[in-house]
Amino acid sequence: MLNPMPLTQSLLADWLKDENGPHPASVSESADVFSRIISDWYASAAAGPFPVATAQANSGVLTNLASGALMVGNPTAAGALLATGTMVYMTGQAFGPGVSAPPIAHPLAVGIFGTAFTELDLDREARAAMMATAVFAMAITSIVTFPGPPFTAPVL
């Protein structure tokens, strides 16, 4: 079952380092760390009785999208693109025979990520909590559709 607290702690420990670092050596390394954190966390998701089967296998998609987002040079755009990359990563994940739809909370996440990137007076803990909450909101608003007989289930 998904919980935003471990995601917040991982973002703090591994991605949003304090000024003393160590920081990722490049944008691509930073994107890779972000992707690993999200995919490791999302690997505990389930829809109904089915765990997500593709969280780790699809992490390369998120790495590529996060890299582009982090290189954009504008904090609002970077936040929006990182939230969108996370949404794209979540869309189409396989839960047994089911496939997840795009998260309904994507617009909310775009706003939260944008704020986390633009508000310079936020501390690391607040940024991590905001982004973890946004990712969690996207996860739990992804609906998985299962074939025969057709039914749906939320991601939890």
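Visitor: Which helices do the buried residues of H5 pack against?
Guide: This is a predicted model, where local features need pLDDT of at least 70, side-chain atom pairs count only at pLDDT 80 or more, and totals for chains, interfaces and linings use all residues. Residues are numbered from 1 along each chain as its sequence is written, and side-chain values use heavy atoms, with hydrogens and water left out. Helices (H or I, at least four residues) and strands (E, at least two) are DSSP runs, numbered from the N terminus. Packing here rests on contact, meaning heavy atoms within 4.5 Å, and the partners of the buried H5 residues are H2, H4 and H6.

Visitor: Which residues of H5 are buried?
Guide: Buried means under 20% relative accessible area, exposed over 50%, partly exposed in between (1.4 Å probe, protein chains only). In H5 the buried residues are His106, Ala109, Ile112, Phe113, Gly114 and Ala116.

Visitor: What does Phe113 touch, not counting residues up to four places away in sequence?
Guide: Phe113 is one of the buried residues of H5. With those sequence neighbours not counted, Phe113 touches Phe34, Gly79, Leu82, Ala83, Met131, Ala134 and Val135.

Visitor: What covers the buried residues of H6?
Guide: The buried residues of H6 include Met131, Ala134 and Val135. Their cover includes H1, H2, H4 and H5.

Visitor: Is Ser39 buried or exposed?
Guide: Ser39 lies in helix H2. Its side chain reaches the backbone oxygen of Arg36 at 3.3 Å. At 2% relative accessibility, Ser39 counts as buried.

Visitor: How far apart in space are Asn64 and Asp32, C-alpha to C-alpha?
Guide: Asn64 sits in helix H3. Asn64 is exposed, with a relative accessible area of 59%. Asn64 and Asp32 are 32 residues apart in sequence, and their C-alpha to C-alpha distance is 8.2 Å.

Note on methods: A polar contact is a pair of N or O atoms within 3.5 Å; within protein, one must be able to donate a hydrogen and the other to accept it, and residues adjacent in sequence count only if both atoms are side-chain atoms.
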